[in-house]
Amino acid sequence: MQEQYRTVAREGVHETEINRSRFLCALAPAATEREAQEFVARVRREHPTATHNCFAYVIGADAAVQRASDDGEPGGTAGAPMLQMLLRRDVRYAVAVVTRYYGGVKLGAGGLIRAYGGVVGEALDELGTVTRRRYRLATVTVDHQRAGKLQNDLRAAGRAVRDVRYADAVRIEVGLPDADVDAFRGWLADATAGTAVLELGGEAYGAD
């Protein structure tokens with residue numbers, strides 16, 4: 001697995017005008033290819049009278065899935081530069097749809113490539129990106145007496161508390177960088193007088 005990746009901070013739309021054509025770039029995070037396709041379909045429904053609704057998306061921390069569409073623009077002038085902008089910015093698990101309303105002035109192939117790639121770059125600047133790092137999921141089981149203080153200590157130490165479940169004991173799920181597991185094990189023993197149980201699970205990605 002990749003150690004980290006960047007994705008779009010939030011869903012949003014950035015609009016610009018180039019030679020009387022309106023370009024609207026809708027960006028969104030997408031966890032799966034299906035989510036990306038549903039977002040593309042939604043934007044197309046919102047702009048049924050647009051001249052073009054071109055898209056690009058990248059799924060996977062290693063960019064395993066890459067798709068792009070020119071939606072009627074000359075081949076390679078829309079989807080490809082949009083995809084290249086996402087890849088150049090190291091953006092993953094993200095989808096971009098650029099809606100164009102033609103304004104009567106032809107841009108030419110070079111102009112289209114600059115316009116479609118450029119509006120995606122501007123949208124990324126405006127909406128921002130977040131870095132998600134690879135974590136080992138770990139579950140700490142602790143008695144009710146110590147649970148509240150331990151949660152506070154975890155947050156004070158900057159640990160990512162992902163979930164808390166109360167039953168006969170309290171199970172706290174945290175995200176740990178692999179390199180921190182041994183140090184965390186020692187810290188936990190000190191913090192709970194050796195009473196907490198640590199179970200290591202699979203891997204996931206989380207924001208810093």
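Start with the largest nonpolar core, a set of 27 residues in which Leu-27 and Val-120 have the most contacts. A nonpolar core here is a set of buried Ala, Val, Leu, Ile, Met, Phe, Trp, Tyr and Cys residues joined through side-chain atoms within 4.5 Å; buried means under 20% relative accessible area with a 1.4 Å probe, protein chains only. The model is predicted, so local features need pLDDT of at least 70 and side-chain atom pairs pLDDT 80 or more, while totals for chains, interfaces and linings use all residues. Residues are numbered from 1 along each chain as its sequence is written, and side-chain values use heavy atoms, without hydrogens and water.

Next, select β3 (21-29), β4 (52-59), α2 (79-88), β6 (94-101) and α3 (108-127), the elements that each give two or more residues to this core. Helices (H or I, at least four residues) and strands (E, at least two) are DSSP runs, numbered from the N terminus. The largest share, 8 residues, comes from α3.

Now select Val-120. Leaving aside neighbours within four places in sequence, Val-120 is in contact (heavy atoms within 4.5 Å) with Cys-25, Met-82, Met-85, Leu-86, Ala-96 and Val-98.

A second, separate core has 16 residues, including Val-142, Ala-147, Val-174 and Phe-184.

Finally, show α4 (residues 144-156) and α5 (residues 181-191). Their axes, lines fitted to C-alpha atoms over the stretch in contact, come within 11 Å and cross at roughly 140°. On the α4 side, select Leu-150, Asp-153 and Leu-154; they meet Phe-184, Trp-187, Leu-188 and Ala-191 in α5.

Note on methods. Axes are lines fitted to C-alpha atoms, for helices over the stretch in contact, and angles run from 0 to 180 degrees between N-to-C directions. Buried means under 20% relative accessible area, exposed over 50%, partly exposed in between (1.4 Å probe, protein chains only).
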